[in-house]
Amino acid sequence: MSSDEADVLDGIGDLIFQEPSDYYPPPKPATFESKTLQTGEALRLRLVGHNPLWGHHLWNGAQVVTDYLYDHARDLVHGRTILELGAGAGLPSIAAAIWGAKQVVVTDYPDEDLVENMRMNIDAAKDVLPRSADIGAKGHVWGASTEPLLSCLKPGWCGFDTLILADLLFNHSQHAALVSTIQSTLIHLPHARALVFFTPYTPWKFDKDMAFFDLARKGGFRVVKVVEQIMDKVMFKDDRGDELLRRTVFGYELSHEHTGSQ
(Lines give C-alpha, C1' and ligand atoms only; values in the text may rest on other atoms or scores of the structure.)
Protein backbone atom coordinates (compact mmCIF):
# COMPACT_ATOMS: atom_id res chain seq x y z
CA MET A 1 0.00 0.00 0.00
CA SER A 2 1.35 3.39 -0.98
CA SER A 3 1.59 6.24 1.49
CA ASP A 4 -1.11 8.08 -0.49
CA GLU A 5 -3.48 5.11 -0.14
CA ALA A 6 -2.77 4.91 3.58
CA ASP A 7 -3.54 8.60 3.97
CA VAL A 8 -6.87 8.11 2.20
CA LEU A 9 -7.79 5.17 4.44
CA ASP A 10 -6.81 7.15 7.53
CA GLY A 11 -9.08 9.94 6.40
CA ILE A 12 -11.96 7.53 5.83
CA GLY A 13 -11.38 6.03 9.26
CA ASP A 14 -11.51 9.46 10.84
CA LEU A 15 -14.87 10.08 9.18
CA ILE A 16 -16.28 6.70 10.19
CA PHE A 17 -15.23 6.83 13.84
CA GLN A 18 -15.68 10.53 14.50
CA GLU A 19 -18.69 11.19 16.72
CA PRO A 20 -21.23 13.65 15.33
CA SER A 21 -21.30 17.06 16.97
CA ASP A 22 -24.47 16.20 18.88
CA TYR A 23 -23.26 12.75 20.01
CA TYR A 24 -22.60 13.81 23.61
CA PRO A 25 -25.38 15.45 25.60
CA PRO A 26 -24.78 19.14 26.33
CA PRO A 27 -23.45 19.93 29.81
CA LYS A 28 -26.15 20.54 32.36
CA PRO A 29 -26.56 24.20 33.27
CA ALA A 30 -25.75 25.51 36.71
CA THR A 31 -28.56 25.63 39.25
CA PHE A 32 -29.10 27.98 42.17
CA GLU A 33 -30.20 27.55 45.78
CA SER A 34 -31.33 30.36 48.04
CA LYS A 35 -30.42 30.41 51.71
CA THR A 36 -31.29 33.05 54.29
CA LEU A 37 -28.92 33.07 57.23
CA GLN A 38 -30.06 33.41 60.84
CA THR A 39 -28.77 36.99 60.79
CA GLY A 40 -30.93 37.87 57.79
CA GLU A 41 -28.43 37.84 54.93
CA ALA A 42 -29.87 36.26 51.76
CA LEU A 43 -27.44 34.13 49.76
CA ARG A 44 -27.97 32.85 46.24
CA LEU A 45 -25.63 29.92 45.85
CA ARG A 46 -24.57 28.66 42.46
CA LEU A 47 -24.18 24.89 42.05
CA VAL A 48 -22.29 23.37 39.13
CA GLY A 49 -24.62 21.73 36.62
CA HIS A 50 -23.24 18.25 37.27
CA ASN A 51 -20.01 16.93 38.68
CA PRO A 52 -18.77 13.40 39.40
CA LEU A 53 -17.53 14.74 42.75
CA TRP A 54 -21.09 15.67 43.75
CA GLY A 55 -20.53 19.41 43.87
CA HIS A 56 -23.91 19.94 42.19
CA HIS A 57 -25.87 19.55 45.44
CA LEU A 58 -26.38 21.75 48.49
CA TRP A 59 -25.94 19.01 51.05
CA ASN A 60 -27.86 18.69 54.30
CA GLY A 61 -24.61 18.48 56.24
CA ALA A 62 -23.54 21.89 54.92
CA GLN A 63 -26.82 23.46 56.00
CA VAL A 64 -26.78 21.95 59.49
CA VAL A 65 -23.11 22.76 60.14
CA THR A 66 -23.88 26.35 59.12
CA ASP A 67 -26.56 26.46 61.82
CA TYR A 68 -24.08 24.98 64.28
CA LEU A 69 -21.49 27.64 63.44
CA TYR A 70 -24.08 30.32 64.16
CA ASP A 71 -25.04 28.77 67.49
CA HIS A 72 -21.37 28.51 68.52
CA ALA A 73 -19.97 31.52 66.70
CA ARG A 74 -18.19 32.86 69.77
CA ASP A 75 -16.00 29.77 70.02
CA LEU A 76 -15.79 28.62 66.41
CA VAL A 77 -16.10 31.71 64.20
CA HIS A 78 -15.39 35.11 65.78
CA GLY A 79 -11.78 36.02 65.08
CA ARG A 80 -10.99 32.46 63.99
CA THR A 81 -9.16 31.13 60.94
CA ILE A 82 -11.37 28.66 59.10
CA LEU A 83 -10.70 25.99 56.48
CA GLU A 84 -13.43 24.07 54.67
CA LEU A 85 -12.69 20.82 52.84
CA GLY A 86 -14.86 19.52 50.00
CA ALA A 87 -16.84 22.73 50.16
CA GLY A 88 -18.97 22.54 47.00
CA ALA A 89 -21.00 25.76 47.08
CA GLY A 90 -19.19 26.96 50.21
CA LEU A 91 -22.26 27.86 52.28
CA PRO A 92 -20.76 27.44 55.79
CA SER A 93 -17.55 29.22 54.79
CA ILE A 94 -19.35 32.24 53.37
CA ALA A 95 -21.58 32.37 56.46
CA ALA A 96 -18.50 32.26 58.71
CA ALA A 97 -16.92 35.13 56.81
CA ILE A 98 -20.13 37.16 57.28
CA TRP A 99 -20.18 36.32 61.00
CA GLY A 100 -16.73 37.64 61.77
CA ALA A 101 -14.15 34.98 60.98
CA LYS A 102 -10.62 36.35 60.83
CA GLN A 103 -9.82 34.43 57.64
CA VAL A 104 -11.60 31.75 55.60
CA VAL A 105 -10.11 29.39 53.02
CA VAL A 106 -12.69 27.44 51.00
CA THR A 107 -11.44 24.33 49.22
CA ASP A 108 -12.59 21.53 47.01
CA TYR A 109 -10.96 19.16 44.55
CA PRO A 110 -8.83 21.16 42.08
CA ASP A 111 -11.35 20.81 39.28
CA GLU A 112 -11.59 24.06 37.34
CA ASP A 113 -15.39 24.18 37.42
CA LEU A 114 -15.58 23.48 41.16
CA VAL A 115 -12.97 26.06 42.15
CA GLU A 116 -14.40 28.72 39.86
CA ASN A 117 -17.87 28.02 41.23
CA MET A 118 -16.66 28.66 44.80
CA ARG A 119 -15.10 31.93 43.68
CA MET A 120 -18.32 32.94 41.96
CA ASN A 121 -20.30 32.33 45.15
CA ILE A 122 -17.84 34.39 47.17
CA ASP A 123 -18.11 37.20 44.64
CA ALA A 124 -21.92 36.96 44.61
CA ALA A 125 -21.93 37.46 48.40
CA LYS A 126 -19.79 40.61 48.32
CA ASP A 127 -22.76 42.84 49.13
CA VAL A 128 -23.33 41.07 52.45
CA LEU A 129 -19.72 40.29 53.34
CA PRO A 130 -18.04 42.75 55.72
CA ARG A 131 -15.44 45.01 54.16
CA SER A 132 -12.86 43.34 56.37
CA ALA A 133 -13.78 39.81 55.22
CA ASP A 134 -10.79 37.72 54.15
CA ILE A 135 -12.10 34.75 52.17
CA GLY A 136 -10.64 32.91 49.20
CA ALA A 137 -11.02 29.64 47.30
CA LYS A 138 -8.38 27.05 46.40
CA GLY A 139 -8.18 23.56 45.01
CA HIS A 140 -6.90 20.84 47.33
CA VAL A 141 -6.55 17.07 47.11
CA TRP A 142 -7.11 15.42 50.49
CA GLY A 143 -3.93 13.83 51.79
CA ALA A 144 -1.70 15.94 49.55
CA SER A 145 0.72 18.55 50.86
CA THR A 146 -1.11 21.18 52.88
CA GLU A 147 1.65 23.75 52.52
CA PRO A 148 -0.35 25.71 49.88
CA LEU A 149 -3.23 25.95 52.37
CA LEU A 150 -1.07 26.90 55.35
CA SER A 151 0.73 29.50 53.25
CA CYS A 152 -2.59 31.38 53.00
CA LEU A 153 -2.37 32.16 56.71
CA LYS A 154 -0.83 35.30 58.08
CA PRO A 155 2.87 35.03 59.08
CA GLY A 156 3.40 33.25 62.38
CA TRP A 157 0.12 31.31 62.23
CA CYS A 158 0.73 27.59 61.81
CA GLY A 159 -2.76 26.13 61.47
CA PHE A 160 -6.49 26.79 61.28
CA ASP A 161 -8.71 27.20 64.31
CA THR A 162 -11.82 25.62 62.80
CA LEU A 163 -12.12 23.01 60.05
CA ILE A 164 -15.39 22.22 58.29
CA LEU A 165 -16.12 18.84 56.67
CA ALA A 166 -19.73 18.55 55.53
CA ASP A 167 -21.04 15.34 53.96
CA LEU A 168 -17.68 13.91 52.95
CA LEU A 169 -17.70 10.57 54.77
CA PHE A 170 -19.40 8.61 51.98
CA ASN A 171 -15.95 8.72 50.31
CA HIS A 172 -14.83 5.72 52.34
CA SER A 173 -11.59 5.22 50.44
CA GLN A 174 -10.56 8.79 51.33
CA HIS A 175 -10.98 8.60 55.10
CA ALA A 176 -7.26 8.22 55.78
CA ALA A 177 -6.48 11.14 53.47
CA LEU A 178 -9.03 13.31 55.27
CA VAL A 179 -7.54 12.48 58.66
CA SER A 180 -4.08 13.29 57.32
CA THR A 181 -5.25 16.69 56.10
CA ILE A 182 -6.91 17.45 59.44
CA GLN A 183 -3.74 16.45 61.31
CA SER A 184 -1.61 18.88 59.34
CA THR A 185 -4.01 21.86 59.21
CA LEU A 186 -5.82 21.97 62.58
CA ILE A 187 -3.74 24.12 64.91
CA HIS A 188 -2.51 22.39 68.08
CA LEU A 189 -4.36 24.59 70.55
CA PRO A 190 -7.14 23.71 73.00
CA HIS A 191 -9.84 25.73 71.20
CA ALA A 192 -9.25 24.17 67.77
CA ARG A 193 -12.04 22.03 66.35
CA ALA A 194 -12.75 20.05 63.18
CA LEU A 195 -16.49 19.84 62.55
CA VAL A 196 -17.48 16.64 60.77
CA PHE A 197 -21.16 16.58 59.81
CA PHE A 198 -22.73 13.94 57.60
CA THR A 199 -25.83 11.98 56.64
CA PRO A 200 -25.64 8.23 55.91
CA TYR A 201 -27.12 8.47 52.42
CA THR A 202 -26.41 4.75 51.97
CA PRO A 203 -27.61 3.42 55.35
CA TRP A 204 -26.35 -0.10 54.75
CA LYS A 205 -22.83 1.41 54.78
CA PHE A 206 -23.34 3.41 57.98
CA ASP A 207 -20.66 1.39 59.74
CA LYS A 208 -18.19 2.37 57.00
CA ASP A 209 -19.11 6.04 57.47
CA MET A 210 -18.50 5.72 61.20
CA ALA A 211 -15.14 4.01 60.63
CA PHE A 212 -13.78 7.47 59.90
CA PHE A 213 -13.98 8.32 63.59
CA ASP A 214 -11.99 5.21 64.54
CA LEU A 215 -9.23 6.43 62.23
CA ALA A 216 -9.48 9.90 63.75
CA ARG A 217 -9.06 8.52 67.28
CA LYS A 218 -6.04 6.49 66.15
CA GLY A 219 -4.72 9.70 64.60
CA GLY A 220 -4.69 11.46 67.96
CA PHE A 221 -8.08 13.15 68.02
CA ARG A 222 -10.74 13.31 70.67
CA VAL A 223 -14.15 12.68 69.08
CA VAL A 224 -17.36 14.11 70.57
CA LYS A 225 -20.84 13.81 69.09
CA VAL A 226 -22.59 17.20 69.18
CA VAL A 227 -25.57 16.99 66.81
CA GLU A 228 -28.23 14.54 65.67
CA GLN A 229 -30.84 16.39 63.63
CA ILE A 230 -33.66 14.88 61.60
CA MET A 231 -34.43 16.80 58.41
CA ASP A 232 -37.94 17.28 57.06
CA LYS A 233 -37.29 15.06 54.03
CA VAL A 234 -34.66 12.93 52.37
CA MET A 235 -32.38 14.47 49.77
CA PHE A 236 -32.77 11.61 47.30
CA LYS A 237 -36.32 10.26 47.48
CA ASP A 238 -35.71 7.33 45.12
CA ASP A 239 -32.77 5.94 47.08
CA ARG A 240 -33.20 2.76 49.08
CA GLY A 241 -32.50 2.08 52.71
CA ASP A 242 -33.75 3.30 56.06
CA GLU A 243 -35.50 6.61 55.44
CA LEU A 244 -34.99 7.93 58.96
CA LEU A 245 -31.24 7.49 58.69
CA ARG A 246 -31.25 9.15 55.27
CA ARG A 247 -32.99 12.15 56.85
CA THR A 248 -30.61 12.41 59.82
CA VAL A 249 -27.56 14.64 60.03
CA PHE A 250 -24.94 13.60 62.57
CA GLY A 251 -22.37 16.10 63.77
CA TYR A 252 -19.07 15.49 65.54
CA GLU A 253 -16.29 17.69 66.87
CA LEU A 254 -12.68 16.56 66.61
CA SER A 255 -9.98 18.10 68.77
CA HIS A 256 -6.35 17.22 69.40
CA GLU A 257 -5.85 14.93 72.37
CA HIS A 258 -2.67 16.78 73.29
CA THR A 259 -2.34 20.49 72.61
CA GLY A 260 -0.09 23.39 73.38
CA SER A 261 -1.07 26.32 75.54
CA GLN A 262 -3.55 28.93 74.30
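Strand β4 (residues 103–108), helix α5 (residues 112–124) and strand β5 (residues 135–139) make a right-handed β-α-β unit; right-handed here means that, with the strands pointing away from the viewer, the path from the first strand over the helix to the second runs clockwise. This is a predicted model, where local features need pLDDT of at least 70 and side-chain atom pairs count only at pLDDT 80 or more, while totals for chains, interfaces and linings use all residues. Residues are numbered from 1 along each chain as its sequence is written, and side-chain values use heavy atoms, leaving out hydrogens and water.

**The whole chain**

- The protein chain comes to nine helices and nine strands, taken as DSSP runs numbered from the N terminus (helices are H or I, at least four residues; strands are E, at least two).
- Of its 262 residues, 46% count as buried; that label means under 20% relative accessible area, with exposed over 50% and partly exposed in between (1.4 Å probe, protein chains only).
- Take the contacts between residues at least 6 apart in sequence: 70% of them join residues at least 24 apart, a contact being heavy atoms within 4.5 Å.

**Around β4 and β5**

- β4 and β5 run parallel and are joined by five bridges; strands count as paired if DSSP finds at least two bridges between them.
- V105 sits in β4 and stands opposite G136 in β5.
- With a relative accessible area of 3%, V105 is buried.
- Leaving aside residues up to four places away in sequence, V105 touches I82, L83, E84, G136, K138, C152 and F160.

**Cysteines**

- There are zero disulfides in the structure, going by cysteine sulfur atoms within 2.5 Å.
- C152, one of the residues that V105 touches, is partly exposed at 27% relative accessibility.
- C158 is exposed, at 59%.

**Salt bridges**

- The count comes to six salt bridges, each one a side-chain nitrogen of Lys or Arg within 4 Å of a carboxyl oxygen of Asp or Glu.
- K154 lies in the loop between α6 (147–150) and β6 (162–166) and D134 in the loop between α5 and β5, so the pair ties together parts that are 20 residues apart in sequence.
- Both partners are partly exposed: K154 at 40% relative accessibility and D134 at 28%.
- D214 pairs with R217, their closest N and O atoms being 3.4 Å apart. The two lie in helix α8 (residues 206–218), three residues apart, about one turn of the helix.
- D214 has a relative accessible area of 42% and is partly exposed, as is R217 at 43%.
- K237 and D238 form another salt bridge, at 3.7 Å from N to O, and both of these residues are exposed.

**A buried arginine without a bridge**

- R246 belongs to helix α9 (residues 243–246).
- R246 is buried yet has no salt bridge; E243, the nearest side chain of opposite charge, is 4.8 Å away. For charge, Lys and Arg count as positive and Asp and Glu as negative, with His and the chain ends not counted.
- Beyond residues up to four places away in sequence, R246 touches T199, P200, Y201, P203, V234, F236, D239, R240 and G241.
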